[in-house]
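This briefing concerns the structure displayed below. It is arranged by topic for reading alongside the coordinates.

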Amino acid sequence: MQRITIDPITRLEGHGKIEIFLNEEGDVANTYFQIPELRGFERFCVGRPVEEMPLLTNRICGVCPEAHHIAAAKAVDAVYHVDIPSTAKKLRELLYMAFYCTDHTTHFYALGGPDFIMGTDAPVAERNILGVIHKVGLEIGGKVIQMRKYGHNVVEIIGGRKVHPCTSIPGGLTKGITEEQRVEIEKMGRWAIEFAQFSLKVFNDIVLANPQYVDLILGDIYTHQTYYMGLVDANNKVNFYDGKVRVVDPTGKEYVKYEPKDYASHIAEHVEPWTYLKFPYLKNVGWKGLVDGIDSGIYMATPLSRLNASDGMATPLAQAEYEKFYATLKGKPVHQRLAIHWARLVELLYAAEHWVELATDPEITSPNFHTIPTATPTEGVGIVEAPRGTLTHHYWTDERGVVTKVNLIVGTTNNYAPITMSIKKAASSLIKKGNVNEGLLNMVEMAFRAYDPCFGCATHSLPGQMPLQVTIHNAEGEPIQVIKQSVD
Amino acid sequence: MKTLIIGLGNPILGDDGVGWVVAEKVQAELINPQSAIENPQSVEVDCASLGGLSLMERLTGSERVILVDAIFTGKQPVGTVSRFLLDELPDLSAGHSASAHDTSLRNALHVGRDMQVPLPDDENVTIVTIEAEAVYDFSQELSPAVAAAVPLALQQVLDLLAC
């Protein structure tokens with residue numbers, strides 16, 4: 001086959017761009033998924049006081065500002081070598097649990113859920129949150145709005161603003177909460193637990209009770225055997241806010257567990273000439289290409305990965321769901337990518353339960369929410385689990401605390417290789433002997449929507465309306481077919 | 001009519017922040033005693049980096065909404081100022097009325113109305129757009145053609161308020 005160079009400069013603005021190359025038989029030889037990435041954040045931050053980072057990184061993309069804010073806050077504390085008071089940690093974690101509930105809810109009902117709830121054969125016009133509401137009932141929309149409202153309220157109470165928190169400073173927070181606020185937060189948390197249980201029931205009644213969907217979930221088309229990564233606490237239970245990074249191999253065995261500050265000894269980034277985004281991989285396993293298996297350094301970081309990488313959930317109701325999850329899918333680890341949607345709901349329940357645990361913790365209203373750092377700032381790493389995957393912020397400063405260098409590995413970046421592989425697998429099963437199945441775009445969308453990818457402000461993923469262009473090339477590298485949706 | 005004007009965008013992402021700049025100019029007009037705006041007390045101005053459901057939630061209780069935002073069609077000169085009703089937007093992926101992680105503003109408004117959330121009708125949601133150039137690079141500056149378009153976009157908003 002000819003060698004083709006794809007010039008990454010010719011990016012399509014705001015679209016996912018996929019190039020598929022066929023071999024002589026008309027079957028898929030290779031696929032390439034190109035991302036027009038946001039650029040220059042590191043450059044932009046150099047020269048800023050590091051305590052601005054929790055406010056600046058809020059704005060990397062408008063979608064998970066809370067995750068960036070918390071990771072940045074932890075990195076800033078590490079730069080100043082300060083251990084913040086227990087109350088400050090708990091308040092930040094409480095804010096974070098409320099955010100998780102909002103975010104996971106929105107993804108399931110507005111984005112990923114419609115694939116199942118409406119069915120993959122449902123007309124594109126119905127496979128969205130409106131379709132879900134009409135099928136499941138009007139009350140579901142009301143609950144989704146309510147969950148979001150409660151989540152935003154908690155973020156505002158603790159973080160100072162509804163979506164873009166601003167209360168984290170080096171050494172802790174600028175304010176605590178009153179008993180009155182605590183009562184309000186607890187009440188909203190208890191509602192969130194019920195809502196999470198309701199959502200798991202919706203999934204059970206609509207998805208798991210339908211053999212067609214179960215086949216889809218278990219099917220090979222969306223299955224890959226890779227390593228799995230997630231943060232765990234001292235008992236190896238899933239934790240979104242703090243802990244060590246644990247990676248298990250495709251058989252489920254622990255491969256490595258490391259402190260956030262040591263991430264660079266374990267993760268490297270591979271560069272390909274045809275895309276802006278780099279591919280993180282496990283350094284000590286090595287880069288073997290975009291392939292599955294225990295010898296390939298590719299790993300995934302998603303709700304499913306976190307469940308796979310842990311020994312369980314730290315709260316009782318979520319733990320029961322975790323056990324049901326693995327029993328139903330017949331073993332651990334689970335490799336089927338569509339199961340990410342279910343894992344997301346198990347996490348939703350844990351986040352709600354932990355929300356109430358923190359809201360009823362005796363320290364949560366303490367006035368001891370800040371300590372003044374005294375050490376000279378140098379360098380620090382902050383890692384949290386963003387809903388989309390492990391999020392790493394690493395800052396270097398001079399002795400005044402002015403930023404000299406920044407390195408970020410954001411949630412979805414971890415998954416760039418797995419996403420690319422999922423797209424290739426979907427394409428390979430739907431393009432045979434040069435015949436392209438109509439459902440190609442549909443299946444490709446479903447493949448990467450499961451990862452809840454965050455390609456910055458460049459992609460707008462409404463099911464069926466994600467701007468996508470797929471170009472199919474013959475064995476000589478000449479484009480022979482272009483399939484588009486929502487692209488002029 | 002109670003009117004809410006929101007500058008949308010990301011203020012540290014170059015041209016993507018033009019909505020905020022225009023909104024700030026509208027705010028200055030509102031508090032200017034010599035301003036031509038009638039009934040300034042019925043006008044509220046805000047800046048937001050929101051889309052989809054979050055943006056819909058912000059519109060709750062308004063009778064009329066004017067959004068100001070960068071757009072990237074690639075088909076008109078950088079700095080071109082246009083105005084659309086929500087349904088007329090040329091492409092759902094343009095601008096920030098959609099969000100990567102939930103849904104388009106149009107769908108979000110339908111959801112909200114189904115839920116009896118008080119929201120403006122689609123024909124009372126107008127979007128003033130400025131064709132942008134550099135929306136992928138982090139910067140607090142606007143590119144020259146986009147910066148030059150700010151007074152024109154401001155005038156569009158003031159004309160809408162005068163209706």
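The points that follow cover strands, salt bridges and surface charge.

The model is predicted. Over all chains, the count of salt bridges comes to 24. In chain B, strand β3 (residues 64–71) is mostly covered, and in chain A four strands form an open sheet of mixed pairing.

- Eight of the eight residues of β3(B) are buried.
- Arg64(B), Ile66(B), Val68(B) and Ala70(B) point one way from β3(B), whereas Val65(B), Leu67(B), Asp69(B) and Ile71(B) point the other way.
- In a regular strand, side chains alternate between the two faces of the sheet.
- Strand β1 (residues 3–8) of chain B runs parallel to β3(B) and is joined to β3(B) by five bridges; within this pairing, Ile66(B) in β3(B) is the bridge partner of Ile5(B).
- Strand β5 (residues 125–131) of chain B also runs parallel to β3(B), with seven bridges between the two; here Ala70(B) stands opposite Ile130(B) in β5(B).

**The open sheet of chain A**

- The strand order of this sheet is β7-β6-β5-β10 (chain A).
- Its edge strands are β7 (254–258) and β10 (299–300) of chain A, each of which pairs on one side only.
- Strands of a sheet pair through backbone hydrogen bonds, either parallel or antiparallel.
- Five bridges connect β5 (residues 227–232) and β6 (residues 244–248) of chain A in the antiparallel sense, and Gly230(A) has Arg246(A) in β6(A) as its bridge partner.
- Met300(A) is found in strand β10 of chain A; Met300(A) counts as buried because its relative accessibility is 0%.
- Met300(A) and Gly230(A) are 70 residues apart along the chain, and their C-alpha atoms are separated by 9.1 Å.

**Salt bridges around Lys90(A)**

- Side chains of opposite charge can pair when their charged atoms come close.
- Lys90(A) forms a salt bridge with Asp361(A), in which the closest N and O atoms are 3.0 Å apart.
- This pair links distant parts of the chain, 271 residues apart: Lys90(A) lies in helix α4 (residues 86–117) of chain A, and Asp361(A) lies in the loop between α11 (340–359) and β11 (379–386) of chain A.
- Both Lys90(A) and Asp361(A) are buried; for Lys90(A), the relative accessibility is 19%, under the 20% limit, and Lys90(A) is therefore classed as buried.
- Lys90(A) also meets Glu363(A) in a salt bridge, at 2.7 Å from N to O.
- Glu363(A) is in the loop between α11 and β11 of chain A, 273 residues from Lys90(A) in helix α4, and this pair likewise links distant parts of the chain.
- Glu363(A) counts as partly exposed, with 31% relative accessibility.

**Other salt bridges of chain A**

- Asp398(A) and Arg400(A) meet through their side chains in a salt bridge of 2.8 Å, N to O.
- Asp398(A) is buried at 18% relative accessibility, whereas Arg400(A) is exposed, with a relative accessible area of 58%.
- A network of salt bridges links Glu179(A), Arg182(A), Glu186(A) and Arg190(A).

**Negative surface charge**

- A patch of negative charge on the surface gathers Glu24(A), Glu25(A), Glu476(A) and Glu478(A).
- Glu476(A) is located in the loop between β16 (468–473) and β17 (479–485) of chain A.
- The relative accessible area of Glu476(A) is 40%, so Glu476(A) is partly exposed.

Technical notes. Residues are numbered from 1 along each chain as its sequence is written. Chains are lettered from A and ligands numbered from 1 in the order in which they are written. This is a predicted model: local features need pLDDT of at least 70, side-chain atom pairs count only at pLDDT 80 or more; totals for chains, interfaces and linings use all residues. Side-chain values use heavy atoms; hydrogens and water are left out. Patches are made of residues with over 30% relative accessible area and no salt bridge: like charges are joined within 9 Å, nonpolar side chains (Val, Leu, Ile, Met, Phe, Trp, Tyr) within 5 Å. Accessible areas come from the Shrake-Rupley method with a 1.4 Å probe; for residues, only the protein chains shown count as cover. A salt bridge is a side-chain nitrogen of Lys or Arg within 4 Å of a carboxyl oxygen of Asp or Glu. Lys and Arg count as positive and Asp and Glu as negative; His and the chain ends are not counted. The place of a charge is taken as NZ of Lys, CZ of Arg, CG of Asp or CD of Glu. Buried means under 20% relative accessible area, exposed over 50%, partly exposed in between (1.4 Å probe, protein chains only). Two strands pair if DSSP finds at least two bridges between them.
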